[in-house]
Number of protein chains: 2
Amino acid sequence: MLTIVVDAMGGDNAPACVVDGTLEALRESGNRFEILLIGQEEKVSPFLKQHDTADLNLRFMHAPEVVTMEDVPATAVKTKQDSSLVRGLKLCKEGLAHAYVSAGNTGAQMAASLFVLGRIPGVLRPTIYAYFPRIGEGLTNIVDVGANVDCKPENLVQFAEMLTIYQRYAANIEKPLTGLLNIGEEEGKGPEYLKQAYRLLQEADREKKINFIGNIEGHDILAGKATIVVCDGLVGNTILKFGESIPHFLGSLFKPELEKLVLSGQLDPGAAALTGKAFKALFEPFDVEKFGGVPFLGVDGISIVGHGRSSSRAIKNMIYMAEHMIEQRVNERIAEMLS
Amino acid sequence: MLTIVVDAMGGDNAPACVVDGTLEALRESGNRFEILLIGQEEKVSPFLKQHDTADLNLRFMHAPEVVTMEDVPATAVKTKQDSSLVRGLKLCKEGLAHAYVSAGNTGAQMAASLFVLGRIPGVLRPTIYAYFPRIGEGLTNIVDVGANVDCKPENLVQFAEMLTIYQRYAANIEKPLTGLLNIGEEEGKGPEYLKQAYRLLQEADREKKINFIGNIEGHDILAGKATIVVCDGLVGNTILKFGESIPHFLGSLFKPELEKLVLSGQLDPGAAALTGKAFKALFEPFDVEKFGGVPFLGVDGISIVGHGRSSSRAIKNMIYMAEHMIEQRVNERIAEMLS
């Protein structure tokens, strides 16, 4: 049976949300896997005690230290060896568990995953992607979104290759399409490293490792031209954070407009409330972090991270994601492709 | 008296819009400057003949060739020497005119401006910026937005210095604030060239050339933290095009939502139309190109380019912008700062 380690201490609403998500996953799946909840006993047990867990495939393990959002990634790994983060990943490394799931400090989890689990043979640099909404069905993934700045062409190609495997086998996307984010569509556009990446992506396409659709531009992201948007971590991180700021920005403009219409008697308050709600709902696709997490691709093990404000549903979905990645042998397939 | 060359052939609605904008500028300003309209006589004169221009400071000059949106920038300059673009810029170079204004092919105008006018002494690379909406008053400028990919730290610093002078003297921003777009706020974040740029920007701040507020992130753009957002052209271009795609994306989601509310009888059609209109109006700030243009900063002369879909109002505003840049000695101030 699979054992998934869940970090009880990770996230703004930990441990409550984490406990809830964990129990939901076990109940909903009918104990399809075992969960090893790890964290500070004094913090977690009050929440566990609120539930009847006797019939669940659940174990608890104490870890006295906690890596917080304020911890500096590189030092946290070294100074907090007894944290749920480091201990949890070590259980995976030692083969005592199959995956690690957390909604904690992303940078620290990335650093610790690399340090404890290492890289899949052949992987130059592990990466992290993000979800983006798109016109029509499905979601778009942007890779890299901040783990790697100063990417070499070979890095970008590997990101596309790894994410293609992930989408194909773990996200049920039959034909993942890779676009290279650039300043123009034509081949030969952009800085030298993107020109080289273009050629390497063409090669990977010829070898059937990916489906390369060429250069894409900023406006092609939401249009959904590609399912995989490849770029340097600086570009991806900027687009991601810019995108996250749009709901607040537009909301701060729309609300007073509706209020004006109500005050002037043109719109009745009920209609304003209705359209205000419809407006707010538009941005739910921008909030995909609430509904799940992402794995660190290229790490030799399964380490999935969720947004700090992960809901219990997000925790549950991350647990399923871990199960799915193991069953679909995503890492093994990456190793095979790169060998 | 100042002479401003206006390219009659530039823009999707040329020459009609250009003629209208030109005449408006002359009438509204009371012939404060002279305008030299340049283009193909057979195309422009039918539009000119529709107006009484006898009392206006207007001259027309024939240019047999036209640079189109399809022309490749680098070759257009060489092969279309008799275009309104090249001839117009040459008039500036020869001192027969003081500024050139067009809503034509941006890349070609950049290339031709560099080729014909050259750089202001001390300028490493001329640049082009874009407008972004922000929370609260005013607009934010992002620089560079595609003219320069693969920027060196020194380039980024000069962009900030030039745009600071422009904002201070030609855009009436008392204290322009420069932020360096990066993946994190802390000093020492990001790729090597941004770390170096950070230090050089601090130096420029100490020398009172700019006001540097440090690193900013993607979500700080719309929040309006800085009036000048400095980044590589690849990042700026991507953000710009991504931003331009938002209205269509959200509109395509909001419209069916309103329709659903109407069909289900929850919202009356009048209220839906009203809120739909208010929603659409939200995105006007994203469409600043319609209302003006931007100068190529660092070029040894004044060359202002507008969006292809420039309105007559945009043409008029670009003419005023040219006048303002000349009067405020923007280029001379840039030369002084860099000497």
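I count two residues as in contact if their C-beta atoms, placed from the backbone, lie within 7 Å. With that in hand, I opened this predicted model and went through chain A.

**Entry: contacts along the chain.** I took the contacts in chain A between residues at least 6 apart in sequence, and 70% of them join residues at least 24 apart.

**Entry: overall size.** I looked up the radius of gyration next, and chain A has 21 Å. A compact globule of 339 residues would have a value near 20 Å, so the two agree.

**Entry: burial and elements.** I found that 52% of the 339 residues of chain A count as buried. I then listed the secondary structure of chain A, which has 12 helices and 11 strands.

**Entry: domains.** I see chain A divided into two parts: domain 1 covers 3-123 + 298-338, and domain 2 covers 127-287. Their C-alpha centres lie 27 Å apart. Where they touch, I note 10 residues from domain 1 of chain A and 11 residues from domain 2 of chain A.

**Entry: the domain 1 side.** Which helices of chain A each supply at least two residues of the side of domain 1 that touches domain 2? I found helix H11 (312-327) and helix H12 (330-338) of chain A. The largest share of that side, 4 residues, comes from H12(A). Sorted by class, I get 6 nonpolar, 3 polar and 1 charged residues on the side of domain 1 of chain A that touches domain 2.

Methods. Residues numbered from 1 in each chain as written. Chains lettered and ligands numbered in written order. Predicted model: local features only at pLDDT ≥ 70, side-chain atom pairs only at ≥ 80, totals over all residues. Domains from an automatic or database assignment. Nonpolar A, V, L, I, M, F, W, Y, C, P; charged D, E, K, R; others polar. Rg over C-alpha atoms; globule rule 2.2 N^0.38 Å. Buried ≥ 20, exposed ≤ 12 C-beta atoms within 10 Å, placed from the backbone.
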